[in-house]
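Please look over the sequence and the model shown here before reading on.

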Amino acid sequence: MFDSLSFHIGMTCCDVGCGAGLAARLASDRGAVVSGIDAAASLLEIARERVPGADFHLGDLEELPFPDGVFDLVTGFNSFQFAADPVAALGEARRISKPGGRIVVLTWGNPQGMEAAAIVGALKPLLPPPPPGAPGPFALSDADALKAFATSAGLTALDVSDVACRWYYRDLDTALRGLGSSGVAAKAAEHSGAQAVDQAHAEALARFRQADGSYRLEACFRWLMASA
């Protein structure tokens, strides 16, 4: 997906819900000046190690600590649907974007038949109770819902595309480390403990174990490009 975005030296980018900073690192490697925000302090520590020159903040998506109209590109990778008020969070993304700036929202694709959906569902019992009416992880998976989401925040939807990918982990330890690095997993670990998260992931992964001890499963993501 990053290859479809036109990066240039000095381009200003903000990743909201940046987690451990992978997207920020990819943008920085392409010459962008990077900022980010996440609610998990432990993941921000990793992000700062990955991208030492970036401007990372601890906070919520609904109150971004950035001035109006400063970013060429704002991205949210599986983050907006977990905000207490997703429309307000996307409205904040629009606020910090330059006029005509681009906003990218990536979310899960259709969960029906998607193998990775089993991993997402495994953490639900370990998370704190969501606020009344809070959207679930697949709330924006429908293409029409995703476009309507952009429109409700005052954005112009430009394109919606799907990206299929295969998750591969060479062994269980690698899989648990990788899956445990997501923002949702970090929240589940804070609420229920890291051991419970690892156990839930291990049980969900069991049916995807290969003969050589590796793990392979299919995932699908849907992303929307919008204009501020």
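## Aromatic pairs

Five aromatic pairs are found when the whole structure is searched. Rings of Phe, Tyr and Trp (its six-membered ring) count as a pair if their centres lie within 6.5 Å; planes under 30 degrees apart are called stacked, over 60 edge-to-face, and the rest tilted. The model is a predicted one, in which local features need pLDDT of at least 70, side-chain atom pairs count only at pLDDT 80 or more, and totals for chains, interfaces and linings use all residues. Residues are numbered from 1 along each chain as its sequence is written, and side-chain values use heavy atoms, with hydrogens and water left out.

One of these pairs joins tryptophan 108 and phenylalanine 138 in a tilted arrangement, at 6.2 Å centre to centre and with 50° between the planes. Because tryptophan 108 belongs to strand β5 and phenylalanine 138 to the loop between α4 and α5, the pair ties together parts that are 30 residues apart in sequence. Helices (H or I, at least four residues) and strands (E, at least two) are DSSP runs, numbered from the N terminus.

Is tryptophan 108 buried or exposed? Tryptophan 108 has a relative accessible area of 7% and is therefore buried, the term for values under 20%, whereas exposed means over 50% and partly exposed in between (1.4 Å probe, protein chains only). Phenylalanine 138 is partly exposed, at 25%.

Tryptophan 108 also pairs with phenylalanine 221; this pair is stacked, with 4.8 Å centre to centre and 20° between the planes. Phenylalanine 221 lies in strand β7 and tryptophan 108 in β5, so this pair ties together parts that are 113 residues apart in sequence. Both tryptophan 108 and phenylalanine 221 are buried. A single aromatic cluster is formed by Trp108, Phe138, Trp167 and Phe221.

## The sheet

An open sheet of seven strands has the order β3-β2-β1-β4-β5-β7-β6, with mixed pairing; two strands pair if DSSP finds at least two bridges between them. The edges are taken by β3 (55-58) and β6 (156-169), each of which has a single partner strand, so one side of each is left without a neighbour in the sheet. From one strand to the next, the twist averages 15°.

Strand β2 (residues 33-38) runs parallel to β3, with four bridges between them, and isoleucine 37 stands opposite histidine 57 in β3. Strands β5 and β7 are antiparallel and joined by seven bridges; arginine 102 has serine 227 of β7 as its bridge partner. The antiparallel pairing of β6 and β7 extends over 13 bridges, and valine 163 is partnered there by phenylalanine 221 in β7. Strand β7 is largely enclosed by the rest of the structure, because 10 of its 13 residues are buried.

## Helices on the sheet

Helix α3 (residues 86-96) lies across β1 (12-16), β4 (71-77) and β5 (97-108), and runs at about 145° to β5. Helix α5 packs on the sheet and touches β5, β6 and β7 (215-227), its direction making about 40° with that of β7. Contact here means heavy atoms within 4.5 Å. Axes are lines fitted to C-alpha atoms, for helices over the stretch in contact, and angles run from 0 to 180 degrees between N-to-C directions.

## A loop residue

Where is proline 132 found? Proline 132 is in the loop between α4 (117-122) and α5 (143-152), and is exposed, with a relative accessible area of 84%. From C-alpha to C-alpha, proline 132 and alanine 84 are 9.5 Å apart in space, and they are 48 residues apart in sequence.
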